[in-house]
Amino acid sequence: MLDKRLLAIANLIRKGSYVCDVGTDHAYLPCYLVKEGITKQCVACDINEMPLQSAKEHIQSYGFEAQIETILSDGLKNVPSAKAQDIVIAGMGGELIAKILQGVSYTKEKDKRFLLQPMTFVPYLRKYLCENGYEILSEMPVIDKNKTYTILCVAYTGVVKEPSALFLLVGKIPENQSEEAKIYIQRQYQKQIKIAKSIEESSEKKDKAQQYYQIAFELKDLLNKKEG
């Protein structure tokens, strides 16, 4: 059974697409996708031999060797473009995800879709995507074991944008009408207030604290609109 993060990703995969799961670990997601008939062909890749071996064993336990290919690869470097239509990069830091996208030229092909689930440096990833011609089509917030995640559905358009400070924090989540979206924004609001107060207490740079308060007020406004 997939955890909430991976299940949310599975629900965003385009039916029938050739899926590449980067950093697959035990290949839980590819096995689920094939088992549920969401796709017939997957690549499960990892940079290390040991998790790839675990993936192979899990794939064999389902008898899916013909549908799921395992590839030892640093990011997407050993994965052919034809075997990567819907590309999943989950459970990594935002900086590493950006580096993986930079690693091969075919990530800028417009038929590709990316399901990205950063564990850290989420604003960094949003900034990278906007400034390098990738469009965030939607974001799916997930609350699992009281931890807050977001899954970004992304495509390359070539249109470069300069994101606002507010967008870097919440991206497309305000467009989502779920309760998880409210929680995500609320937690970002609380974080900005905490940072602002900490700066006030430890520094004379009041203007810097005010920047965080300003973002917090904008986040609060988003929450009020959702509750209204």
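Biologist: Is Tyr62 buried, partly exposed or exposed, and at what relative accessibility?

Modeller: Good place to start, and please keep in mind that this model is predicted. Buried residues fall under 20% relative accessible area and exposed ones over 50%. Tyr62 comes out at 40%, so Tyr62 counts as partly exposed.

Biologist: Which residue forms an aromatic pair with Tyr62, and how are the two rings arranged?

Modeller: Planes under 30 degrees apart count as stacked. Five aromatic pairs turn up by this rule. In one of them, Tyr62 and Phe64 are stacked, with 5.4 Å centre to centre and 10° between the planes. Phe64 counts as buried because its relative accessibility is 13%.

Biologist: And what about Tyr213 and Phe217?

Modeller: Their ring centres lie 6.3 Å apart and their planes meet at 20°, so this pair is stacked. Tyr213 and Phe217 are four residues apart in helix H8 (residues 206–227), which means about one helical turn separates them. Tyr213 is buried at 14% relative accessible area, while Phe217 is partly exposed at 46%.

Biologist: Which residues form an aromatic cluster?

Modeller: Phe114, Tyr128, Tyr134 and Tyr156 form one. Charges can sit over rings, too: Arg5 lies over the face of Tyr149, at 5.4 Å from the ring centre, and Lys220 lies over the face of Tyr189, at 5.2 Å.

Biologist: Now the sheet, please. In what order do the strands come?

Modeller: In general, strands of a sheet pair through backbone hydrogen bonds, either parallel or antiparallel. Here seven strands form an open sheet with mixed pairing, in the order S3-S2-S1-S4-S5-S7-S6. S3 and strand S6 (134–144) stand at the edges with a single partner strand each, so one side of each has no neighbour in the sheet. From one strand to the next, the twist averages 20°. S1 and S2 run parallel and are joined by four bridges; Cys20 has Val43 in S2 as its bridge partner.

Biologist: Which helices lie across these strands?

Modeller: H2 lies across S1, S2, S3 and S4, at about 175° to S2. Helix H7 (residues 179–202) lies across S6 and strand S7 (147–156), at about 95° to S6.

Biologist: Why is H2 largely enclosed by the rest of the structure?

Modeller: Count its buried residues: six of the eight in H2 (residues 28–35) are buried, so the helix is largely enclosed. They are Leu29, Pro30, Cys31, Tyr32, Leu33 and Val34. Their packing partners include helix H1 (4–10) and helix H3 (49–62). After H2 comes Gly37, whose phi is positive, near 75°.

Notes. Residues are numbered from 1 along each chain as its sequence is written. This is a predicted model: local features need pLDDT of at least 70, side-chain atom pairs count only at pLDDT 80 or more; totals for chains, interfaces and linings use all residues. Side-chain values use heavy atoms; hydrogens and water are left out. Buried means under 20% relative accessible area, exposed over 50%, partly exposed in between (1.4 Å probe, protein chains only). Helices (H or I, at least four residues) and strands (E, at least two) are DSSP runs, numbered from the N terminus. Contact means heavy atoms within 4.5 Å. Two strands pair if DSSP finds at least two bridges between them. Axes are lines fitted to C-alpha atoms, for helices over the stretch in contact, and angles run from 0 to 180 degrees between N-to-C directions. Rings of Phe, Tyr and Trp (its six-membered ring) pair if their centres lie within 6.5 Å; planes under 30 degrees apart count as stacked, over 60 as edge-to-face and the rest as tilted. A charge sits over a ring if NZ of Lys or CZ of Arg is within 6 Å of the ring centre and within 35 degrees of the ring normal.
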